[in-house]
Amino acid sequence: MGMLLDGSWVNDDPEMTGQGGTFQRPHSTFRAAIGDADHPAEAGRYHLFTAPTCPWAHRTLIARRIKKLEAIISVTEADQPKHQGWTFSDGIDDLQPVNGKLYLHQVYSTVVPDFTGRVTVPVLWDRKTHSIVNNESSDILRMLDSAFNDIAPASFDYYPAPLREQIDALNSTLYDTINNGVYRCGFAKSQEAYDAAFDALFSALDTLDDRLGRSRYLIGDQITECDIRLFTTLVRFDAVYVSHFKCNRNRISDFEHLGQYLRDLYQTPGFGDTVDMPQIKRGYFAEHRHINPTGIIPQGPALDFTAPHDRAQMSSAA
Ligand SMILES: N[C@@H](CCC(=O)N[C@@H](CS)C(=O)NCC(=O)O)C(=O)O
């Protein structure tokens, strides 16, 4: 995958393996917020660099869509093979492609010329100060819920005050066992690390399946941040994680409720319309040569998230 070392791109992978062969995801570096003194909410000022394959970046695209921020926050998506990390055909302002390529590492080293670390999406870019506001998807997801409320058309609140404690508690389980859990299976370097991640993942999915037998969404009748976070993993699961990351006890479509729930969300504006399945598959199977050396992208499975689902009857209002 490569990284920046003192502002220069190196193709070596830093060690992301901890004790016992477990996969460890590094922390994000830029953690400012829209709404703080330096970053007031303004239309046209902020830009998202994302990649269609990435489940973390996908969260921010869903939020942008469901909060109706398309005219307020612009987006470019990495659309080229990752020779030096994420690569874009389109530039923005003075960050323009050279020979048809703009590397995300150039965006990072524009801000911190001697930057050392991983170059990850999503990146929330400030066109006015020419800097990165934030590169942590959970922060960006959280800020998009309310930071633009004064200038964006009112839309629904996915982090409502009365549910915050429940949302925060569930988020942390979702992250450890599911969102990052699939990576902990796929990138494990020992049988023990894989087995532990696999058991935690499927036990969490069993618990959620049970929970979704009682309510339409993870927390009652309304879509919350937890559903956005779960969706980006579930929608990649059967096509990618089952085979590529060896998460193969069951497919999501085998669960009694999770498969129906996934279709329900997929058919909700902002969810399915932000999914680019061919690019998702390419991003994993063709790019992760350390676990798929041939780079061959499987043709299947046949998935139809647009098929009817039974979830509307779960709403207490129904
Ligand atoms: N904690 C970060 C993680 C983001 C992340 O790991 N993104 C991956 C893509 S799915 C990435 O950019 N990887 C490139 C790399 O690690 O070099 C977040 O949620 O924003």
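This is a predicted model: local features need pLDDT of at least 70, side-chain atom pairs count only at pLDDT 80 or more; totals for chains, interfaces and linings use all residues.
Local features require pLDDT of at least 70 and side-chain atom pairs count only at pLDDT 80 or more, while totals for chains, interfaces and linings use all residues. Residues are numbered from 1 along each chain as its sequence is written.

The protein chain is divided into domain 1 (3-146) and domain 2 (161-314), with bounds that come from an automatic or database domain assignment. The centres of the two domains, taken over C-alpha atoms, are separated by 23 Å. Domain 1 contributes 19 residues to the contact and domain 2 contributes 27 residues; two residues are in contact if their C-beta atoms, placed from the backbone, lie within 7 Å. On the side of domain 1 that touches domain 2, helix α1 (residues 55-66) gives the most, with 8 residues. Helices (H or I, at least four residues) are DSSP runs, numbered from the N terminus. The residues on this side of domain 1 divide into 9 nonpolar, 6 polar and 4 charged. Here Ala, Val, Leu, Ile, Met, Phe, Trp, Tyr, Cys and Pro count as nonpolar, Asp, Glu, Lys and Arg as charged, and the others, Gly among them, as polar.

Two helix pairs were examined. The axes of helix α4 (residues 164-179) and helix α6 (residues 191-211) come within 8 Å and cross at roughly 130 degrees. Axes are lines fitted to C-alpha atoms, for helices over the stretch in contact, and angles run from 0 to 180 degrees between N-to-C directions. Helices α4 and α6 are therefore oblique to each other (angles under 35 degrees count as roughly parallel, over 145 as roughly antiparallel, 65 to 115 as roughly perpendicular and the rest as oblique). Their contact is made by Thr-173, Thr-177 and Ile-178 of α4 with Ala-200, Leu-201, Ala-204 and Leu-205 of α6. By class, this contact of α4 with α6 has 5 nonpolar, 2 polar and no charged residues.

For helix α7 (residues 225-244) and helix α9 (residues 277-286), the axes come within 10 Å and cross at roughly 15 degrees. Helices α7 and α9 are therefore roughly parallel to each other. Arg-236, Ala-239, Val-240 and His-244 of α7 meet Met-277, Ile-280, Lys-281, Tyr-284 and Phe-285 of α9. The contact of α7 with α9 has 6 nonpolar, 1 polar and 2 charged residues.

Around the ligand there are 13 residues, of which Met-1, Cys-54, Trp-56, Thr-120 and Ser-137 come nearest; a residue is near a molecule if its C-beta atom, placed from the backbone, lies within 6 Å of it. This shell has 6 nonpolar, 5 polar and 2 charged residues.
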